[in-house]
Amino acid sequence: MFRRVKGTRDILPEEILFWRKTEETCTRIFSSYGYEEIRTPLMEEFSLFCRSLGKTTEVVKKQMFEIKRGSGHLVLRPEATASIVRAYLENRLDRKRGLAKFYYVGAMFRAERQQKGRLRQFHHLGVEAIGSNSPNLDIEIISLLNRLVKELNIEGYQIYINSLGCIKDKQVLAKILHYKITPYLDNLCADCKRRFKQNVFRILDCKKPECMRIVNKLELGTDHLCDSCKKHLESVLAGLDTLGIGYKFEPALVRGLDYYTRTIFEIKHPRLGSQDALGAGGRYDNLVAEFGGPELGAIGFALGEERLLLAQSRQPQPQEPRLVTYLITLGEEADKAGVKLLDKLREQGIASDMDYTEGRSLKGKMRRADELGVRLTVIIGEDELKKGTVTLKDMVSGKQEEVKIDEVTRRLKCYEPIRAES
Ligand code: HAM
């Protein structure tokens with residue numbers, strides 16, 4: 001028997017309603033904040049992510065699913081921010097619009113070590129707003145994140161915020177980190193010893209206890225920020241306070257992707273265990289220019305859909321309309337009449353299906369109709385065929401009546417499907 005690829009999941013019909021409900025809630029709210037849907041390809045050039053996420057990041061170094069064909073070097077996208085900036089520039093959306101606001105829903109791929117909440121194919125629900133440096137946009141984005149999570153009935157989460165500052169400030173922060181970590185260098189894990197040279201920020205989110213203990217001693221603050229970035233951060237935090245959005249300012253918060261500048265944030269939930277980030281995001285004010293476009297501020301976030309589902313405390317039971325009718329035919333000629341009637345019912349938009357199982361008894365077919373929760377069954381046997389009628393059985397009252405076959409569609413139009421029980 002074939003098995004699914006490691007780190008992937010099958011989403012079965014019984015779960016799909018829950019996924020759809022989560023996506024519907026998020027996309028409704030995205031639209032109500034003025035974000036428009038964008039869909040970019042699942043494949044991109046390797047160099048797109050190398051350039052934006054950074055050559056030394058874990059995602060680029062270890063987690064890309066690469067596709068090499070001829071001279072091409074493609075990858076399955078590990079995230080969508082870089083793709084959207086590419087699409088924004090390639091389609092000249094910078095010329096058409098002022099602030100461009102996009103949302104997206106879709107699969108991402110990272111060859112990570114598998115564990116609870118960490119998959120190799122997972123789904124993002126995200127937004128990207130390109131074209132403004134205003135702190136009001138940061139406030140909008142973080143309040144949007146907060147609203148989504150609330151609307152999904154998720155409780156007990158915490159939003160963490162920090163500012164990396166502009167490119168110059170990030171360099172200052174790297175120097176401060178090198179300076180403060182040097183006395184503890186020998187006590188870092190092997191990975192962090194390497195990170196110290198290659199990408200010192202990554203030490204701050206190492207999960208090894210010995211490194212976490214060192215990070216806790218660093219007493220980081222906002223000293224690396226220039227006046228303009230400090231002012232930006234203060235405006236963002238003041239705006240969140242005005243809106244009553246709870247957050248924790250966390251100077252040791254960093255992100256695993258290199259493109260971030262200024263505001264960064266993460267939303268965590270204790271129910272998720274060690275992979276506790278429900279979502280994350282921040283500003284990437286240099287990325288548009290880095291890709292050859294104009295100097296434009298930008299910010300976004302992505303929520304991990306699988307983790308959103310894990311964190312939802314009261315799992316809503318969405319209801320799916322079921323079939324109105326189920327056709328049961330007895331004999332070859334009745335089958336033919338049934339197929340014709342089924343097509344007519346469906347043409348009229350009446351949710352209908354037919355029992356195609358060979359050799360099943362009338363009783364067995366009625367049992368199946370019951371399982372499906374249909375409103376009415378339409379029975380066509382030899383007697384009915386001769387008279388040009390069908391037997392209609394109301395599955396709620398149990399009453400049966402004979403109706404002319406030409407009359408069935410008109411009779412059934414008024415019925416609403418029975419809904420699945422919650
Ligand atoms: P990220 O932090 O890499 O950010 O991913 C965002 C969220 O996706 C995580 O917080 C987590 O919930 C989920 N996630 C990440 N990796 C996995 C995985 N292997 N399995 C399951 N869920 C996962 C980004 O990707 C940025 N593009 C976010 C962003 C948008 N920043 C600005 N705009």
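Q: Which residues are closest to the ligand in this structure?
A: A residue is near a molecule if one of its heavy atoms lies within 4 Å of it. In this predicted model, 27 residues surround the ligand, and E79, E112, H124, R255 and Y260 are the closest. Residues are numbered from 1 along each chain as its sequence is written. The model is predicted, with local features needing pLDDT of at least 70 and side-chain atom pairs pLDDT 80 or more, while totals for chains, interfaces and linings use all residues; side-chain values use heavy atoms, without hydrogens and water.

Q: Which strand gives the largest share of the shell around the ligand?
A: Strands are DSSP runs (E, at least two residues), and helices are runs of H or I with at least four, numbered from the N terminus. The largest share, six residues, comes from β10. At least two residues each come from β6 (121-130), β10 (277-283) and β11 (298-304).

Q: Where does a nitrogen atom of the ligand lie 2.8 Å from a backbone N or O atom?
A: A polar contact is a pair of N or O atoms within 3.5 Å. The backbone atom in question belongs to L119. In the side chain of T81, an N or O atom is 2.9 Å from a ligand nitrogen.

Q: How many nonpolar, polar and charged residues does the shell have?
A: Ala, Val, Leu, Ile, Met, Phe, Trp, Tyr, Cys and Pro count as nonpolar, Asp, Glu, Lys and Arg as charged, and the others, Gly among them, as polar. The shell around the ligand has 12 nonpolar, eight polar and seven charged residues.

Methods: Polar contact = N/O pair within 3.5 Å; in protein donor to acceptor, adjacent residues only side chain to side chain.
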